[in-house]
Amino acid sequence: MDSFIKLSNFGKIAPYAQLFRQGLLVTVLLSMFTVAIGFVLALILALMRMSNIRPFRALAVDRNGHLREGGPLVWLSKFNPLSFIATAYVEILRSTPVLVQIFIIYYGVFGMIDLPSFQIFGFIKFNRFFPGVVALGMNSGAYLCEIMRAGIQSIDQGQTEAARSLGLSQTMNLRYIILPQALKNILPAIANEFVVIIKESAITYTIGVQDIMSAVNAVKGATFIIIEPLLVATAIYFCLCFPTSKLIAYFERRMSHGDKR
Amino acid sequence: MATSDSLIQVRNLKKHYHRGAIKALDGVTADINKGDVMVVIGPSGSGKSTFLRSLNLLEEPTDGEIIFNGVDITKKKYVDASGKKVKLDIDSLRQKMGMVFQHFNLFPHMTILDNMTLAPMKVKGVSKEEAEKKALELLDRVGLADRANAYPIQLSGGQKQRVAIVRALAMEPDVMLFDEPTSALDPEMVGEVLDVMKELAKEGMTMVVVTHEMGFAREVGNRVLFMADGKLLVDGTPEEIFENPTNPRLQEFLSKVL
């Protein structure tokens, strides 16, 4: 019987090392862009969800100027279109498989848009890489939105009251008082999302992004060896994720230490 | 209507919760005159904090009027001098009312100096040099100039509250609102904060102070408001309140706290 791993097979796949090096770079770049897009998207979504725009606000008051007790008009008066859109987006993205989302973005959206087919660093195909980043970023934005909302809501209401009583507008309050504190609190969570994306990005090989997983596939196709390239990929992913999460945990401890009285 | 030196006129102010089931404020009427040191006392849940917070609209009143600088600030729009309907600018209004909170509410991610210069610079457009000069002068007055570059976390409670007071003063407000400024302090730090407030009163600042410090009310206040169950029961001088109280609720309250 054949043994599970043949050391000689590692020798056979050694000529393809360049593919893994390129795959590593793609995976890291993909994850960084994804978190960047996800972060901006999440911030917008979180602010939309917490906004207080109610176009039918006036319906809550009856002809005599008193607040209505209940009924459909009260329900309508509470309707916030921005918050509704953001909530719908977050719930749909979180309740469907990321693979389906990637296929819809790649075949659906970018099937209609012709992307330029140049190559970054001479080997990253832009028309594969870009849809991958967009799809993962949109997915990550939905998850980060909830983290960000929690981070903003965790800031004491007294901070807003102090800022507003000094004459700062709601926008200034967000920019100078709430967001700097909230972002510091959720920085570890955002860094953790980076680690999650490194692992999740493996799925983008299905649309031809040349990441680590795609290197495995290429080696398999050329040599008919499967287990050994997978083990190489495993080692690379582990070496990326494990130290990064340990580093985050270390900084998290350091930062919370500074908060203690 | 009111006398010319009245700064804020409160008319039949109401704040209801749960569709009127809870009446935090049940028709309060009072005039705050320039130079007044108005101390609001009363049992907890009497609505005194709600009253104070309504003055700069941190609480939106359910009904009634608050006339500040000739404008009813409870309405979203008002008619200006030229007869035009304009939107109420709540931010420019709040600049003129400094507020000091029970829990200080300093911004923990900024130094003391930045805490004090943020609003003057961003809201009033004062230059950085000017804002810092003013901030340091104010800090010097409360004996904290040497802590300008410290963070709030490095300060004691009394120091934090003194900073909070001068932070509000840096906006040069017309009136200062104090919401139980000494309630969260260790007993030995109460004095230093009250001293700053006394100093402020002496300089003629208009102040509305919600407090449990009866000594302060008696000594510094020129008017004392006694509230219970959302109603203003007694509005009088410290002598009327403390020496010969006639209202039975007030007598009962004073017998518990004095």
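**Note on chain B and residue B:V126**

1. B:V126 lies in the loop that separates α3 (112-124) from α4 (128-141) in chain B; helices (H or I, at least four residues) and strands (E, at least two) are DSSP runs, numbered from the N terminus. The model is predicted: local features need pLDDT of at least 70, side-chain atom pairs count only at pLDDT 80 or more, and totals for chains, interfaces and linings use all residues. Residues are numbered from 1 along each chain as its sequence is written, chains are lettered from A and ligands numbered from 1 in the order in which they are written, and side-chain values use heavy atoms, with hydrogens and water left out.

2. B:V126 has a relative accessible area of 24% and is therefore partly exposed, the class between buried (under 20%) and exposed (over 50%), for a 1.4 Å probe and protein chains only. Leaving aside residues up to four places away in sequence, B:V126 touches B:P120, B:M121 and B:A131, a contact being heavy atoms within 4.5 Å.

3. Chain B as a whole contains 9 helices and 12 strands. Its C-alpha trace spans about 50 × 50 × 35 Å along the principal axes.

4. Of the 258 residues of chain B, 54% are buried. Among contacts between residues at least 6 apart in sequence, 64% join residues at least 24 apart.
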